[in-house]
Structures are given as structure tokens and as C-alpha cells.
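Please read the following report alongside the sequence and the 3D view.

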Amino acid sequence: MKDDGSAWYIVTAPEALDKVTHALGTTGIKPTSAEIAMVPQNYIKLTGPQAVQMVRLVEALEEHDDVQHVYANFDIDESEIQAAVGAN
């Protein structure tokens, strides 16, 4: 379980998702969402041109009609993301 200040996140094995969701329901807690997603075990810090290139790649992938989800393990400072978005 992780508290990010505005919500709690519960990470479990994919095969346990239904059991965890049901257990929360029996305690009166209704999840805002429950889904299977990829969660990286480690992150790669990107800065400068690499960060800009990665932001552009992720944006291009997200805009493609055939892509449903984009998962990544990069760590880019918010200021660099905003600079990359502003450069487009």
C-alpha cells in the first residue's frame, strides 16, 4: 500500500486483483479504479536531450490509434517534461 497524499495505491499480483478488490468491498471501501498495469522495479533518470526525446516518443505512442497503454521506467523532472512539451 502507498499513500501519495490524495489517494492510496495497492499493488498486488495480477492473479490476486479480484480477491483484493472483493476484500476492500467487504470492508466498505469502494476503489476508484482497479486494473492490471505494469509497475517498474527500477527507474532510469533522464535529463537534457534524452528526456526531451523520451517525452516526444511517449507522446507519439499515446497518440497512435492502435496503442492502448504506454508503460515506461524513466524518471524525468517535471520541469524538464514541461520544457519538452513546450518545445513541441
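## Report on a predicted model

Methionine 1 sits in the segment before strand E1 (2-3). The model described here is predicted. Together with Trp8 and Ile10, Met1 makes up a nonpolar patch on the surface, and the accessible area of the three together is about 400 Å².

Lysine 2 belongs to strand E1. Lysine 2 is exposed as well, at 55% relative accessibility. Between the C-alpha atoms of lysine 2 and serine 79 there are 24 Å, and along the chain the two are 77 residues apart.

**The largest pocket**

The largest pocket holds about 1300 Å³ of space. Which residues lie nearest the centre of the largest pocket? They are Trp8, Tyr9, Ile10, Val11 and Glu35, out of a lining of 34 residues. Trp8 and Ile10 were named above as members of the nonpolar patch.

Strand E2 (8-9), helix H1 (17-26) and helix H2 (48-63) each contribute at least two residues to this lining. H1 gives the most, with 4 residues. By kind, the lining of the largest pocket consists of 25 nonpolar, 4 polar and 5 charged residues.

**A salt bridge**

Side chains of opposite charge can pair when their charged atoms come close. The count for this model is 1 salt bridge. Lysine 45 and aspartate 77 form a salt bridge, and their closest N and O atoms are 2.7 Å apart. Lysine 45 lies in strand E3 and aspartate 77 in the loop between strand E4 (74-75) and helix H3 (78-87), so the pair ties together parts that are 32 residues apart in sequence. Lysine 45 is partly exposed, with a relative accessibility of 43%. Aspartate 77 is also partly exposed, at 36%.

**Two loop residues**

Threonine 47 is placed in the loop between strand E3 (44-45) and H2. Is threonine 47 partly exposed or buried? Threonine 47 has a relative accessible area of 42% and is partly exposed, because that value falls between the limits of 20% and 50%.

Aspartate 66 is in the loop between H2 and E4. Aspartate 66 has a relative accessible area of 66% and is exposed. The C-alpha atoms of aspartate 66 and isoleucine 81 are 24 Å apart, while along the chain the two are 15 residues apart.

The table lists the relative accessibility of the residues discussed.

| Residue | Relative accessibility | Class |
|---|---|---|
| Lysine 2 | 55% | exposed |
| Lysine 45 | 43% | partly exposed |
| Threonine 47 | 42% | partly exposed |
| Aspartate 66 | 66% | exposed |
| Aspartate 77 | 36% | partly exposed |

Methods. Residues are numbered from 1 along each chain as its sequence is written. This is a predicted model: local features need pLDDT of at least 70, side-chain atom pairs count only at pLDDT 80 or more; totals for chains, interfaces and linings use all residues. Side-chain values use heavy atoms; hydrogens and water are left out. Patches are made of residues with over 30% relative accessible area and no salt bridge: like charges are joined within 9 Å, nonpolar side chains (Val, Leu, Ile, Met, Phe, Trp, Tyr) within 5 Å. Accessible areas come from the Shrake-Rupley method with a 1.4 Å probe; for residues, only the protein chains shown count as cover. A salt bridge is a side-chain nitrogen of Lys or Arg within 4 Å of a carboxyl oxygen of Asp or Glu. On a 1 Å grid over the protein atoms alone, a cavity is a set of points where a 1.4 Å probe fits but cannot get out, and a pocket is an open set with protein on both sides within 12 Å along at least five of seven lines; lining residues have an atom within 4 Å of a point. Grid points are joined across faces, edges and corners, and a volume is the space filled by probe spheres set on the points. Ala, Val, Leu, Ile, Met, Phe, Trp, Tyr, Cys and Pro count as nonpolar, Asp, Glu, Lys and Arg as charged, and the others, Gly among them, as polar. Buried means under 20% relative accessible area, exposed over 50%, partly exposed in between (1.4 Å probe, protein chains only).
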